[in-house]
Amino acid sequence: MPLIGCIADDFTGATDLASMLVRGGARTVQTIGVPRRPLALGEADALVVALKSRNLPPAEAVAQSLQALDWLRRQGCRRFYFKYCSTFDSTAEGNIGPVADALLQALGSDFTVACPAFPENRRSVFNGYLFANDVPLNESGMQDHPLTPMRDANLLRVLQPQTAHRVGLIDYRTLRGGVEATRDRIAALRAEGVGIAISDAIDNEDLTVLGAACAELPLVTAGSGLALGMAQDWQARGLLTAGGEASRLEPGWGRQAILSGSCSRATLGQIEQAAAVYPAFRLEAAELMARGDALVAEALAWAAERQGPILIYASSPPEDVRRVQQQFGAQQVGERIEAALATIARELVERQGVGRLLVAGGETSGAVVGALGIEGLRIGPSIDPGVPWTQTLGQSGRPLALALKSGNFGSADFMVKAWEMLA
């Protein structure tokens with residue numbers, strides 16, 4: 001039976017988590033939504049269900065998460081992991097708190113941890129405050145996020161209005177005291193009536209300690225970093241056997257393409273480097289709103305005439321995004337961009353021989369995998385921390401190599417070096 005069943009609130013977050021599990025030696029399969037038919041799961045140590053629930057109304061996010069929990073239980077999972085972004089982004093209503101509450105209730109549990117830290121990607125928690133790229137979250141650029149702006153770095157203040165449980169803290173001093181000290185702190189918090197504990201984590205050693213201390217909890221909630229700590233605990237207990245074979249994929253094939261809808265600082269820098277090397281076509285948002293189908297057709301005709309990796313992107317600086325959103329509406333602009341890139345992805349794969357596809361942005365990734373009808377992914381080697389290559393499961397013909405990148409992840413040369421990781 002799988003060692004753990006995971007529920008991720010977006011698609012790139014799911015592959016981020018799965019990548020950490022594979023790196024820890026766990027054979028991992030990711031599904032796109034709750035599977036509607038049987039999938040060839042193989043001897044998976046971990047299952048990850050990728051939802052698109054981060055920005056849904058809380059009631060819908062809860063319903064989808066409970067459906068995923070039910071499916072994971074039917075696959076034999078007994079411990080569970082609710083994965084959200086390492087920037088903890090949400091609204092005052094949720095969805096982190098409501099989903100965590102619902103999962104705790106369904107599992108008959110009274111306590112879990114919340115730890116978005118991912119030190120390797122410069123996400124750390126200190127005294128309950130989240131730092132991104134070494135500055136407080138509300139100074140990192142996340143304060144300008146078009147859907148879920150984060151203007152407070154204090155995670156206790158962020159989470160408490162979202163949950164019916166009392167929120168507490170496991171601080172770094174406790175973690176530096178080791179596994180037993182952390183377990184003692186968890187027991188003390190439970191005795192005080194705390195239901196969700198924000199946990200500090202400054203480096204991977206903190207995550208290793210926390211992973212071992214949480215070994216008996218039915219549910220953990222976290223970014224992807226904690227998965228590495230948990231996998232190390234499984235290795236120490238002799239529960240993993242795959243080793244380096246956990247990330248093996250079939251050789252890649254076909255044309256290469258990059259699609260991006262993310263407007264994060266990291267992705268904008270990656271696009272700048274990629275556009276200096278590869279042919280690039282920009283889908284300008286205002287033009288897309290004015291003549292969407294015609295612009296998509298132009299992009300596809302342009303792509304058909306190019307060789308090697310190509311880049312098609314709708315990414316723009318924050319000030320440009322705000323201007324277009326003010327004119328046409330934030331939701332309408334987002335939906336139009338997602339639909340355009342999804343159509344382009346389907347045409348590139350089905351008609352233009354693209355067999356290796358890199359997608360930047362969580363919402364964009366969700367739209368692309370939906371358009372391609374992808375139901376499952378086998379997780380392969382990491383390009384950068386939290387971003388692996390994957391291969392599709394259950395598709396007719398040869399499997400598609402797919403990388404789904406969260407907007408904020410990856411080094412500046414990510415889009416250039418990614419192809420080197422495929423055999």
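Predicted model: local features only at pLDDT ≥ 70, side-chain atom pairs only at ≥ 80, totals over all residues.
Student: Ok, at what angle do the axes of helix 7 and helix 8 cross?
Tutor: Roughly 60°. The axes come within 7 Å (lines fitted to C-alpha atoms over the stretch in contact, with angles from 0 to 180 degrees between N-to-C directions). Helix 7 is residues 204–213 and helix 8 is residues 225–236 (helices are DSSP runs of H or I, at least four residues; strands are E, at least two; numbered from the N terminus).

Student: Which residues of helix 7 and helix 8 make the contact?
Tutor: From helix 7, Asn204, Leu207, Thr208, Leu210, Gly211 and Ala212. From helix 8, Gly225, Leu226, Leu228, Gly229, Met230, Gln232 and Asp233. Contact means heavy atoms within 4.5 Å.

Student: New topic. Where is Ser365?
Tutor: In helix 14, which spans residues 362–371.

Student: Is Ser365 buried or exposed?
Tutor: Ser365 is buried, with a relative accessible area of 0% (buried is under 20%, exposed over 50%, partly exposed in between; 1.4 Å probe, protein chains only).

Student: What is Ser365 in contact with?
Tutor: Skip its neighbours within four places in sequence, and Ser365 touches Phe11, Thr12, Val359, Leu404 and Lys405.

Student: And how many residues of helix 14 are buried?
Tutor: Seven of the 10, so helix 14 is largely enclosed by the rest of the structure. The buried ones are Gly362, Thr364, Ser365, Gly366, Ala367, Val368 and Val369.

Student: What do those buried residues of helix 14 pack against?
Tutor: Two helices come up: helix 1 (11–23) and helix 13. Strand 2 (28–32), strand 15 (354–360) and strand 18 (401–405) are there too.

Student: At what angle do helix 13 and helix 14 pack?
Tutor: About 45°, with their axes 8 Å apart. Helix 13 covers residues 330–351. So this pair is oblique as well.

Student: Which residues of helix 13 and helix 14 meet?
Tutor: Helix 13 brings Glu338, Leu341, Ala342, Ala345 and Arg346. Helix 14 brings Glu363, Thr364, Ala367, Val368 and Ala371. By class, they divide into six nonpolar, one polar and three charged (nonpolar: Ala, Val, Leu, Ile, Met, Phe, Trp, Tyr, Cys, Pro; charged: Asp, Glu, Lys, Arg; polar: the others, Gly among them).

Student: Last one. What follows helix 14?
Tutor: Gly373, with a positive phi near 65°.

Definitions and conventions. Residues numbered from 1 in each chain as written. Heavy atoms only, no water. Parallel < 35°, antiparallel > 145°, perpendicular 65-115°, else oblique.
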